[in-house]
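User: Could you walk me through how the labels on this model follow from the numbers behind them?

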Amino acid sequence: MVIKSNATPNELDSPFYKKNEEFCSEFEHFIAQKNGKVKGNYNAWSYAIFGKISEPKNWTLKYKKATFSSGNLWLSSKHQNLLVLAEWSTKRIGTHNSEFLISKKTKTDFIKLLFNKSVSKFDNYNNYIIESENDKPQLISNLIKILEPLFKSGEIYSINHRNDELKIELRTEKHNFEIFDKLIIDL
């Protein structure tokens with residue numbers, strides 16, 4: 001495997017290590033099927049893996065998992081924090097006039113909604129807002145159609161289209177390869 005383990009010897013029998021190893025192996029296999037390149041590492045507590053594909057268009061995929069704890073082994077898992085994210089990005093040359101940001105709503109977004117005319121509720125999903133100076137471009141409609149399952153599950157964290165780059169950030173422990181495949185074909 002190109003993605004390497006950086007685990008200590010006592011981690012190798014951990015079910016968390018095996019789960020992360022399997023996740024990384026599946027990622028590497030998926031990217032290899034698309035003639036892409038991968039790099040990264042993993043252990044029982046985390047992984048940081050990256051993939052690049054160029055067909056039918058250049059895409060970069062990044063998946064990260066990190067488990068943070070207080071460092072006290074006697075405290076329960078309630079005192080641990082888990083960050084899992086996936087980021088899919090691609091360049092879209094010549095699309096700078098259709099910039100937007102779709103993101104999960106935060107507690108302070110009601111201020112933006114009141115005072116910033118370029119911010120509005122996201123029509124289809126109440127947990128999201130959209131920032132766009134121009135009318136909503138066709139790209140947004142296409143993304144909604146393709147990413148609908150991820151909006152419904154709440155896995156979409158943000159979709160940012162700025163400076164000719166589309167970046168889709170998820171908070172998930174899943175690969176969502178079937179949705180990514182649809183994205184690269186239909187977008």
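Analyst: Happy to! Let's begin with helix packing: axes are lines fitted to C-alpha atoms, for helices over the stretch in contact, and angles run from 0 to 180 degrees between N-to-C directions. Keep in mind that this is a predicted model. With that in hand, helix α3 (residues 138–153) and helix α4 (residues 177–186) pack at an angle of about 175°, with their axes 10 Å apart.

User: What makes α3 and α4 roughly parallel or antiparallel to each other?

Analyst: Angles over 145 degrees count as roughly antiparallel. The angle here is about 175°, and α3 and α4 are therefore roughly antiparallel to each other. On the α3 side, the contact is made by Leu-143, Ile-146, Leu-147, Pro-149 and Leu-150, and on the α4 side by Ile-179, Lys-182, Leu-183 and Asp-186. Sorted by class, that contact has 7 nonpolar, no polar and 2 charged residues.

User: How do you know that β2 and β3 pair, and in which sense?

Analyst: Two strands pair if DSSP finds at least two bridges between them. β2 and strand β3 (residues 46–53) have 6 bridges and pair in the antiparallel sense. Asn-41 stands opposite Ala-48 in β3, and a hairpin of 3 residues joins β2 to β3.

User: And what makes β1 a partner of β2?

Analyst: Strand β1 (residues 4–5) is joined to strand β2 (residues 37–42) by 2 bridges, and the two run parallel. That meets the cut-off of at least two bridges. Between them, the chain passes through helix α1 (residues 15–33), making a left-handed β-α-β crossover. Lys-4 stands opposite Asn-41 in β2.

User: What is the phi of Asn-163, and of Asp-164?

Analyst: Most residues other than glycine have a negative phi. Asn-163 is not a glycine, yet has a positive phi of about 50°. Asp-164 is not a glycine either, and has a positive phi of about 65°.

User: How do you know whether the peptide bond from Glu-55 to Pro-56 is cis or trans?

Analyst: Omega tells you: for the bond from Glu-55 to Pro-56, omega is near 0°, and the bond is cis. Most peptide bonds are trans. Pro-56 sits in the loop between β3 and β4 (59–68).

Definitions and conventions:
Residues numbered from 1 in each chain as written. Predicted model: local features only at pLDDT ≥ 70, side-chain atom pairs only at ≥ 80, totals over all residues. Heavy atoms only, no water. Helix = DSSP H or I, 4+ residues; strand = E, 2+ residues; numbered from the N terminus. Right-handed = clockwise from strand over helix to strand, strands pointing away. Parallel < 35°, antiparallel > 145°, perpendicular 65-115°, else oblique. Contact = heavy atoms within 4.5 Å. Nonpolar A, V, L, I, M, F, W, Y, C, P; charged D, E, K, R; others polar.
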